[in-house]
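This report describes selected features of the structure shown below. Please keep the sequence and the model in view while reading.

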Amino acid sequence: MKVVRGVPNHEVLDLDYPLVASALERFVREELHGRGFEKAVVAVSGGVDSAVTLALAARALGPGNVHALSLPHRDSSPESSAHARLVAERFGVELETVDITPMVEGYAGQTPGITPRRKGNVMARARMIVTFDKSEQYRALPLGTGNKTERLFGYFTWHADDSPPVNPLGDLYKTQVWGLAKHLGVPDEIVQKAPTADLEPGQTDEADLGVRYRRADVILEHYLKGYPDAYIVGLGYTPEEVALVKRRVNQTHYKRHLPAVAVVSSTAINEFYLRPLDFRTDD
């Protein structure tokens with residue numbers, strides 16, 4: 001990325017989206033085939049991230065090899081389910097609906113005083129229970145849908161949204177996911193709506209985060225590449241925005257890593273023992 005004076009800041013994150021789409025389709029195919037899978041399962045929320053993931057999976061594997069899941073709760077927005085159906089139809093993938101209300105309310109009913117945010121996290125984890133069970137049923141690997149901005153901010157339910165073993169969007173900022181969505185033909189009403197996890201009525205991502213994605217993404221890119229705060233502020237961002245972005249990244253580092261394991265041997269997993277792929281030298 002380079003800064004281009006006189007060009008809107010978010011445009012410096014633009015990518016060659018046809019090339020990115022081709023690379024991510026190949027990534028999906030190779031990662032699934034390397035694990036012995038021919039099919040994928042995607043939990044479709046009605047948002048742009050899961051829509052793009054579904055589109056990439058359908059292009060990579062063929063629509064008949066992709067299982068789309070709509071997993072509403074009674075508190076979910078009706079628009080979310082409608083948009084899940086819309087995107088599944090757009091990319092020719094059959095959509096299965098599983099209502100998670102009984103699962104979530106069964107636990108909530110035994111937990112007096114549960115807050116809306118806590119129940120929202122239970123919803124997210126219930127959705128992963130269904131997704132992984134359907135993975136077993138269909139012999140289809142779950143695909144993750146989290147983007148780079150959410151991952152850097154720790155803005156996801158721990159051990160839920162981050163659980164699937166293959167994630168094609170994990171290195172794309174939200175701004176870039178929007179660009180890729182337009183290239184792939186995701187319906188405009190999904191691309192243009194306010195992003196929301198839909199875990200609580202009226203909740204939106206940007207209200208939770210305290211900064212707009214298009215501003216956060218440029219700040220993140222400069223921060224990760226080592227630009228000083230004063231330089232980023234000079235691009236038109238406030239000191240408060242820069243501090244907020246840095247604080248969210250630094251305080252959620254633990255959510256982006258596997259469990260911390262005490263090393264007591266010379267064969268500790270991911271310390272000394274690595275998967276065979278890490279040693280592979282052939283193409």
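## Two crossing helices

Helices H10 and H12 are roughly perpendicular to each other, a term that covers angles of 65 to 115 degrees. The axes of H10 (residues 213-224) and H12 (residues 239-251) cross at roughly 70° and come within 10 Å. The crossing of H10 past H12 is right-handed, meaning that the near helix is turned clockwise from the far one by less than a right angle. On the H10 side, the contact (heavy atoms within 4.5 Å) is made by Arg215, Ala216, Ile219, Leu220 and Tyr223, and on the H12 side by Glu241, Val242, Val245, Lys246, Val249 and Asn250. These contact residues divide into 7 nonpolar, 1 polar and 3 charged.

Two packed helices are described by the angle between their axes and the distance between the axes. Here an axis is a line fitted to C-alpha atoms over the stretch in contact, and angles run from 0 to 180 degrees between N-to-C directions. Helices are DSSP runs of at least four residues (H or I) and strands of at least two (E), numbered from the N terminus.

## Basis of the model

This is a predicted model in which local features need pLDDT of at least 70 and side-chain atom pairs count only at pLDDT 80 or more, while totals for chains, interfaces and linings use all residues. Residues are numbered from 1 along each chain as its sequence is written, and side-chain values use heavy atoms, with hydrogens and water left out.

## Paired strands

Strand S1 (residues 39-43) runs parallel to S2, and 4 bridges join them; two strands pair if DSSP finds at least two bridges between them. S1 also pairs in the parallel sense with strand S4 (residues 140-142), over 3 bridges. Ala40 has Val66 as its bridge partner in S2. Val41 stands opposite His67 in S2 and opposite Pro142 in S4.

S1 is largely enclosed by the rest of the structure, because 4 of its 5 residues are buried, that is, under 20% relative accessible area with a 1.4 Å probe and protein chains only. Strand S2 (residues 66-70) is mostly covered, with 5 of its 5 residues buried. Val66, Ala68 and Ser70 point one way from S2, while His67 and Leu69 point the other way.

Not counting residues up to four places away in sequence, Ala126 touches Ile100, Met103 and Val104. The C-alpha atoms of Ala126 and His83 are separated by 20 Å, and the two residues are 43 residues apart along the chain.

Terms used
Parallel < 35°, antiparallel > 145°, perpendicular 65-115°, else oblique. Nonpolar A, V, L, I, M, F, W, Y, C, P; charged D, E, K, R; others polar. Buried < 20%, exposed > 50% of the residue type's maximum accessible area, 1.4 Å probe, protein only.
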